[in-house]
Amino acid sequence: MLMIKAIIRPEKVGIVLSELSDGGFPAVTKVDVMGRGKQKGVRVGEVFYDEIPKVMLIMVVRDEDKDDVIKIIMKNARTGTKAAFGDGKIFVTPVEEVYTISSGSNEL
Amino acid sequence: MKEVIAIIRMDMINKTKEALLQNGFPAVTGLKVMGRGKKKVDFTLIESLVSGAEIEPSSLGEALSEGHRLIPKRMLKIVVEDAKVKELIDTIISVNQKGHPGDGKIFVLPLVDAVRVRTGETGELAL
């Protein structure tokens, strides 16, 4: 199993979540985070912002579902037709075990 | 070393922290998160209240009955050595298991290294 952590723009959360739900991946956890990327933040006039508000979506999926989930996030988290800096990053890490607390079973 | 990420109900955090302390896991990082699970939450009760003509349909009602609504949850992150993972998971499950959907999930992730900032110790010494 894999954990997918996607850091995306806050204004894209609604569309990404509903598309994930429609795509058959309803289970997701959302955390508000602050961060900066390779561009070191953004400059607006004289002011430089290096803590930009973002939203991290955390999902744990089966290995074979990884590509589908990433495709859905990629498609819906981009801005405009060409996409732009700050659209986000997706990280994938392995998950060794999963437990469902309500049943105590070790499956997703 | 393993990182154990548990997502539990908001109101179970104090009981869980207490139980973890009793069982020798004092170190915990907690986050407030929003989330949804596999199961769609049944909002028919709220919908029937709204459509029962007693209350005018409001934007709040519509937001509540949306299919992909997120529910507030607590996320706990605990890093332990491999041998203690089983005990930790049993502790979390025994406290939080009510047998209902929404009790939460536990994920176990491999961790490459840990560093204690104060001394610079690495590996299991840093835990």
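Biologist: How do you know that β2(B) is joined to β3(B)?

Modeller: Let me say at the start that this is a predicted model. Strands pair if there are at least two bridges between them, and 7 bridges join β2(B) to β3(B), so the two strands count as a pair. They run antiparallel. B:Lys32, for instance, stands opposite B:Arg74 in β3(B).

Biologist: And what makes β1(B) and β3(B) a pair?

Modeller: The cut-off is at least two bridges, and β1(B) and β3(B) have 8, in the antiparallel sense. In β3(B), B:Arg74 is the bridge partner of B:Ile8.

Biologist: How do you know that β2 of chain A pairs with β2 of chain B?

Modeller: Again by the bridges. Residues 28–35 of chain A and residues 29–36 of chain B form strands that pair over 3 bridges, in the antiparallel sense, and at least two are needed. A:Lys30 stands opposite B:Met34, while A:Val28 has B:Arg36 as its bridge partner.

Biologist: What is the order of the strands in the open sheet?

Modeller: The sheet has 9 strands, with antiparallel pairing, in the order β6(A)-β1(A)-β5(A)-β2(A)-β2(B)-β3(B)-β1(B)-β4(B)-β7(A).

Biologist: Why are β6 and β7 of chain A called edge strands?

Modeller: β6 and β7 (97–100) of chain A each pair on one side only. From one strand to the next, the twist averages 25°.

Biologist: Which helices pack on this sheet?

Modeller: α1(A) is one of them, touching β1, β2 and β5 of chain A, with its direction at about 155° to that of β2(A). Helix α4 (residues 85–96) of chain B also packs on the sheet. Helix α4 of chain B touches β7 of chain A together with β1, β3 and β4 of chain B, and its direction makes about 0° with that of β1(B).

Biologist: How many residues does each chain bring to the contact?

Modeller: Chain B brings 29 residues and chain A brings 22. On chain B's side, the elements giving two or more residues are β2, α4 and β4, and β4(B) gives the most, with 7 residues. By class, that side of chain B has 14 nonpolar, 9 polar and 6 charged residues.

Biologist: Turning to chain A, how do you know that the span of helix α2 agrees with its number of residues?

Modeller: Helix α2 (residues 66–77) of chain A has 12 residues, which at 1.5 Å a residue should span 16 Å. The end C-alpha atoms are 16 Å apart, so the span agrees.

Biologist: Which residues of α2(A) are called buried, and why?

Modeller: A residue is buried if 20 or more other C-beta atoms lie within 10 Å of its own. In α2(A), the buried residues are A:Val69, A:Ile73 and A:Ala77. Seen down the helix axis, the buried residues of α2(A) fall within an arc of 40°, so they line one face. They pack against β1, α1, β5 and β6 of chain A.

Biologist: What does the face of α2(A) turned away from the buried side carry?

Modeller: That face carries the exposed residues A:Asp67, A:Lys71 and A:Lys75.

Biologist: What does chain A hold as a whole?

Modeller: Chain A has 2 helices and 7 strands, running β-α-β-β-β-β-α-β-β from the N terminus on. Of its 108 residues, 21% count as buried. The C-alpha trace of chain A spans about 55 × 25 × 20 Å along its principal axes.

Note on methods. Residues numbered from 1 in each chain as written. Chains lettered and ligands numbered in written order. Predicted model: local features only at pLDDT ≥ 70, side-chain atom pairs only at ≥ 80, totals over all residues. Helix = DSSP H or I, 4+ residues; strand = E, 2+ residues; numbered from the N terminus. Buried ≥ 20, exposed ≤ 12 C-beta atoms within 10 Å, placed from the backbone. Expected span 1.5 Å × (residues − 1). Arc of directions from axis to C-beta. Contact = placed C-beta atoms within 7 Å. Axes fitted to C-alpha atoms, helices over the stretch in contact; angles between N-to-C directions. Nonpolar A, V, L, I, M, F, W, Y, C, P; charged D, E, K, R; others polar.
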